[in-house]
Amino acid sequence: MGNQENEETILQQQQRRRVEVQAPPTKPFTESLKSSLKETFFPDDPFRQFKNNQPLSRKFLLGFQYFIPILEWAPRYTFDFFKADFVSGITIASLAVPQGISYAGLASLPPVIGLYSSFVPPLIYAMLGTSRDLAIGTVAVPSLLISSMLAKEVDPRTNTKLYVELVLTATFFAGVFQASLGLLRLGFIVDFLSHATIVGFMSGAATVVCLQQLKGILGLLHFTHDADLISVVRSVFSQFHLWRWESGVLGCCFLLFLFITRYFSRKRAVFFWINALAPLTSVIFGSLLVYFTHAENHGVEIIGYLKKGLNPQSISELESVFKSTYLLMAIKTGIITGIIALAEGIAVGRSFATYKSYHIDGNKEMIAIGMMNIAGSCTSCYLTTGPFSRTAVNFNAGCKTAVSNIVMATAVMITLLFLTPLFHYTPLVVLSAIIMAAMISIIDYEAAIHLWKVDKFDFIVCISAYLGVVFQSVEAGLMIAVGMSLLRILLFVARPKTYVMGSVSNSTTYRSIEQYPEANSVPGILILQVNAPIYFANASYLRERISRWIDEEEEKLKNSAKYELQYVILDMSGVGNIDTSGISMLEEVKKNADRRCIKLLLANPGGEVMKKLNKSKFVDKIGHEWMYLTVGEAVNACNFMLQSCKPNTKAVVESEAADNQV
């Protein structure tokens with residue numbers, strides 16, 4: 001007992017010379033809940049502009065500007081901006097027309113719906129969106145996803161009217177879902193689609209889209225609705241005798257032309273317009289070639305009649321599906337495709353905003369994309385977002401604001417009113433070549449190689465998503481990708497990293513021995529760092545892992561006559577929070593250490609952790625004197641006690657404990 005009293009006396013002397021670890025002031029529960037909800041749903045503090053003492057009229061104006069961003073920047077708009085936006089808008093319109101027709105075919109929709117979708121949604125986004133560069137239009141992957149999900153229920157060839165109604169209804173629910181995420185401040189849900197997940201999923205979908213275009217390239221009339229590799233290859237080679245060489249030659253020539261223009265555009269950024277105009281140029285040349293050679297009579301399929309006029313309203317189509325048995329299928333398709341479109345649009349917008357050093361509001365973007373799809377579904381448009389290829393062209397063309405989308409929509413409107421008959425002779429093989437050329441650039445093998453070099457698990461997630469899409473289906477690939485991402489999150493939470501720390505030479509800091517092999521362990525003291533919040537999901541693992549660290553350290557010192565393990569310091573600087581299961585775990589670790597005659601110390605517990613340790617009385621159990629602001633202070637205190645007390649104190653304490661038992 002004398003040694004214990006001596007130790008306590010030394011500790012009391014040490015206490016006078018150090019700052020105690022303190023818990024933050026206690027807040028009322030309602031205030032804490034309000035703060036937590038604010039950080040979860042309003043991390044950007046959108047209401048800060050209303051906090052100043054301002055007239056009510058000014059607050060109303062700020063409110064309108066917040067929800068309709070065009071009201072905020074339109075008063076500062078200049079003619080110089082318009083000149084840049086006009087050039088950009090015309091440039092992306094030349095891309096929007098052929099892509100709109102092509103992607104409508106990919107979604108098994110009439111070609112004119114692709115043009116409709118490049119008219120109304122861009123106008124809505126220009127008013128509500130916060131990105132200056134995002135160019136709105138249809139995209140390949142959601143188009144393929146719509147076709148693969150809905151074509152299983154309704155054949156788009158034999159029942160076109162019902163199929164179109166289902167697509168428009170799915171678009172409506174996609175918009176409702178997207179806007180709801182923004183209004184309810186739930187945008188963080190989209191973040192569950194990690195970068196590796198998106199790379200693998202998009203590359204797999206692009207591969208499937210390319211394979212699907214073999215139907216148009218080879219001039220096949222009948223083709224599988226399944227999107228997996230095996231079904232597509234079987235469909236292609238089972239119709240070997242139906243391949244049309246005329247269509248194949250034409251498709252290869254236009255593919256070569258598109259690749260050559262892309263090559264020159266990438267060599268010199270100033271020639272970006274060559275790649276931007278290539279799809280429209282292909283459509284014009286292909287149409288002229290078919291018109292003068294009558295190739296439609298020799299196995300080359302053409303678009304045929306395109307209806308003139310602006311978008312007809314489609315509310316009645318939505319109402320008919322609401323009363324049908326297909327409603328749940330439309331909702332499911334809308335939510336899945338809405339997530340993919342939203343993730344792509346926000347990721348593209350953020351990328352270009354970062355490049356230009358301005359900020360976009362993620363929740364406003366969700367509202368804008370959702371509202372434009374809701375409005376689009378009521379005006380015969382299907383799902384749209386901000387595709388990378390079109391946005392890149394918009395960016396390179398020098399756009400300044402979202403007015404470029406208005407210019408593009410105006411150009412598409414003129415096309416719908418006056419120019420649709422000119423697309424009558426457009427060969428489908430050209431549209432297939434345009435899609436295939438666009439999709440090949442999405443297969444990002446360089447990103448996969450980078451993932452392999454940096455993080456092998458991310459690479460596994462990426463490849464799993466890719467293989468799931470290519471060999472199973474687009475939906476299965478998406479589910480696999482999301483499942484793998486969630487599994488990784490669970491592994492991070494349930495199996496947090498713990499490290500043994502040592503003293504770094506020529507400094508007063510303590511770091512992981514794994515990261516700094518030259519760091520020296522402190523004799524008689526085991527320093528452990530926990531790098532995660534301690535919750536019910538990882539409390540059991542951490543208890544066992546800390547016990548194993550102690551066993552390993554004792555085994556290492558067992559043959560040493562000079563040193564014995566007498567202190568374990570837990571560095572809590574990486575523990576942002578703790579729950580009741582975590583506190584129970586610390587109590588068990590302390591009991592285990594006491595049984596081994598080892599003292600447990602805590603270093604640098606955070607405010608939230610300290611508050612809960614105080615309320616649970618754990619601080620009283622371990623003692624204020626065994627809690628320190630830094631690892632360095634804790635080590636100094638332990639070294640001071642080791643030098644002040646007799647050697648082999650642990651053996652003496654064990655002997656006294658044995659005598660007491662007798």
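Leucine 586 touches Leu570, Met572, Ile578, Leu600, Leu613 and Phe618, leaving out residues up to four places away in sequence; contact here means heavy atoms within 4.5 Å. The structure is a predicted model, in which local features need pLDDT of at least 70 and side-chain atom pairs count only at pLDDT 80 or more, while totals for chains, interfaces and linings use all residues. Residues are numbered from 1 along each chain as its sequence is written, and side-chain values use heavy atoms, with hydrogens and water left out. Leucine 586 belongs to helix H25 (residues 580-595); helices (H or I, at least four residues) and strands (E, at least two) are DSSP runs, numbered from the N terminus. With a relative accessible area of 0%, leucine 586 is buried. Buried means under 20% relative accessible area, exposed over 50%, and partly exposed in between (1.4 Å probe, protein chains only). Between the C-alpha atoms of leucine 586 and phenylalanine 618, which are 32 residues apart along the chain, the separation is 8.4 Å.

Most residues other than glycine have a negative phi. Cysteine 597, although not a glycine, has a positive phi of about 60 degrees. Cysteine 597 is placed in the loop between H25 and strand E5 (599-603) and counts as partly exposed, at 25% relative accessibility. Lysine 617 likewise has a positive phi, near 70 degrees, in a residue other than glycine; the loop that holds lysine 617 runs between helix H26 (607-615) and helix H27 (618-622).

Glycine 502 lies in strand E1 (residues 498-503) and is buried, its relative accessible area being 0%. Apart from residues up to four places away in sequence, glycine 502 touches Thr509, Tyr510, Arg511, Ile513, Ala519, Asn520 and Ser521.

Helix packing was considered next. Two packed helices are described by the angle between their axes and the distance between the axes. Helix H5 (residues 79-106) packs with H14 at an angle of about 35 degrees, and their axes are 8 Å apart. Axes are lines fitted to C-alpha atoms, for helices over the stretch in contact, and angles run from 0 to 180 degrees between N-to-C directions. The crossing of H5 and H14 is left-handed, a term for a near helix turned anticlockwise from the far one by less than a right angle (right-handed if clockwise). At this contact, Thr91, Ser94, Leu95 and Pro98 of H5 meet Phe272, Ala276, Leu277, Pro279, Leu280 and Val283 of H14. By class, the contact of H5 with H14 comprises eight nonpolar, two polar and no charged residues; Ala, Val, Leu, Ile, Met, Phe, Trp, Tyr, Cys and Pro count as nonpolar, Asp, Glu, Lys and Arg as charged, and the others, Gly among them, as polar.

Helix H8 (residues 140-150) is mostly covered, with 11 of its 11 residues buried. The cover over the buried residues of H8 includes H5, helix H9 (160-183), H10, helix H16 (327-356), helix H20 (428-440) and helix H23 (474-494). Glutamine 213 occupies the loop between helix H10 (195-212) and helix H11 (214-217) and counts as buried, at 7% relative accessibility. Beyond its neighbours within four places in sequence, glutamine 213 is in contact with Leu106, Ser432, Ile435 and Met436.

Lysine 308 is located in the loop between helix H14 (272-293) and helix H15 (315-322) and counts as partly exposed, at 46% relative accessibility. Residues up to four places away in sequence aside, lysine 308 touches Leu416, Leu417, Phe418, Thr420 and Pro421.

A search of the whole structure finds 17 aromatic pairs. The ring centres of tyrosine 263 and phenylalanine 264 are 5.7 Å apart and the ring planes stand at 75 degrees, so this pair is edge-to-face. Rings of Phe, Tyr and Trp (its six-membered ring) pair if their centres lie within 6.5 Å; planes under 30 degrees apart count as stacked, over 60 as edge-to-face and the rest as tilted. Tyrosine 263 counts as partly exposed at 48% relative accessibility, as does phenylalanine 264 at 45%. One aromatic cluster is formed by Trp73, Tyr77 and Phe81. Arginine 132 lies over the face of tyrosine 358, at 4.1 Å from the ring centre. The charged end of lysine 456 is placed over the ring of tryptophan 452, 4.7 Å from its centre. A charge sits over a ring if NZ of Lys or CZ of Arg is within 6 Å of the ring centre and within 35 degrees of the ring normal.
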